[in-house]
Amino acid sequence: MHPDRGVTWGRVVRHPAALILAVLLLLVGNVQSTFAATGSTYDSALDVYSMANTTAILGAQAWWDAGYTGAGVDVAIIDSGVAPVQGLSASGKIIYGPDLSLESQVTNLRNLDSNGHGTFMAGLIAGRDDNAAAPYSANPSSVYLGVAPDARIVSLKVATANGGTDVSQVIAAIDWVVQHKNDNGLNIRVLNLSYGTYSTQDYQYDPLAYAAEQAWKHGILVVTAAGNSGYQKGRSAVGLADPAYDPNLLAVGGLDAVGTASMSDDVPGSYTASCNRCRNPDVWTVGSHLQSLRVPNSYIDATHPEGVIDSRYFRGSGTSEATAITSGMAALILQKYPSFTPDQVKAFLVNNALKLATAAGQAKHVVETNLAGMLQAKAPGFARQDLDAKGIGSLEGARGSAHLSLSGVILQGEQDIFGAPFNSRVMAKLEA
């Protein structure tokens, strides 16, 4: 058993019966000595990768002390659902949007997380134990706190226990977020997509990228996972996952803190999709070996018990995790600067990032989010990107080689999860 192994989900399994939001076990580096003991003796203060230490190193705790905890900001998570486990159980902490997964018709599974991934992401973004009291930084190791502990989670479930979902479900979820971002007191400013396919078409034509751009256009920062296909060489490089390969969104790569509290020695996680011939992540942040909330008896629990820390916590690695950490950062920024557009948040993160040294066989121009240095940083002026996706391409192209299957029947071609025809041109006009 390797205690530094973690679950990552933001990658595609290339198989005819693929689980688009898939579980992959990663061993990243030889850092076993940095981990606190697991089980009943787990002490987050001794674990450099705990959320208590991670939020301190990233500078989130300095933002909390300045009064910015994510309060008033809603973060939408399109994932496998969110379970109201301890740390996410406070009244009003989770708002459930529609369950668009194949489990939606099962009463005891509707909206809930039978996989474990969505809850893990929610914990990183906005987890907060019920007994946590301000000032949160006073003793963070005694309670669990995500990056933006007072932000609210809006959960849209699209995936089943084994991670199965289809691009058409994710597009529908994005569209719902855009249409309902301010309904009944909601204030959805951030959309976390720890998800990706490897599209066979340019982002300008891809329906998934187009849907994400529409969210951006309507004032929602779309934070996307770069993908876990690692550093790629040569003309066959697939680059970043869809929709992170769209340069108009915020693509996040994962870093490994290599067991120290210093950011200067952080290195790109070997899992992070990157290459020298393609677009690379806009920013990188810690994504390796992180502690977050566990869903006992979930799919991840059953298939990867080596990731279990204790009765409450699980350890995970990947660009999914880095994306969630960045979404939490964005919630803090948007509480301080509520008038920021998605372009300004992106510029603020990129302009204040720290450049890291990289070795041969790694992506160039790696910059790490520097939340500590941003608290007093000058806010960016007017920033705008020209959103140029058209969305008139193929739904099948957006799936790439990853397909959902049920009872041996593969979902493919220009049809959605219901088997209804999908016309990308008509959909693009409706979304616009």
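**Aromatic rings and their partners**

The charged end of Lys390 is placed over the ring of Tyr205, 5.6 Å from its centre; a charge counts as over a ring if NZ of Lys or CZ of Arg is within 6 Å of the ring centre and within 35 degrees of the ring normal. Lys336 likewise lies over the face of Trp63, at 5.5 Å from the ring centre. The model is a predicted one, in which local features need pLDDT of at least 70 and side-chain atom pairs count only at pLDDT 80 or more, while totals for chains, interfaces and linings use all residues. Residues are numbered from 1 along each chain as its sequence is written, and side-chain values use heavy atoms, with hydrogens and water left out.

Turning to ring pairs, rings of Phe, Tyr and Trp (its six-membered ring) pair if their centres lie within 6.5 Å, with planes under 30 degrees apart counted as stacked, over 60 as edge-to-face and the rest as tilted. Trp64 belongs to helix α2 (residues 60-65) and Tyr136 to the loop between α3 (117-126) and β5 (152-157), so the pair ties together parts 72 residues apart in sequence; helices (H or I, at least four residues) and strands (E, at least two) are DSSP runs numbered from the N terminus. Trp64 and Tyr136 are both buried, that is, under 20% relative accessible area, where exposed is over 50% and partly exposed in between (1.4 Å probe, protein chains only).

Tyr337 and Phe348 have ring centres 5.6 Å apart and planes at 80 degrees, so this pair is edge-to-face. Both residues, Tyr337 and Phe348, are buried. Finally, ring pairs link Tyr42, Tyr144 and Tyr313 into a cluster.
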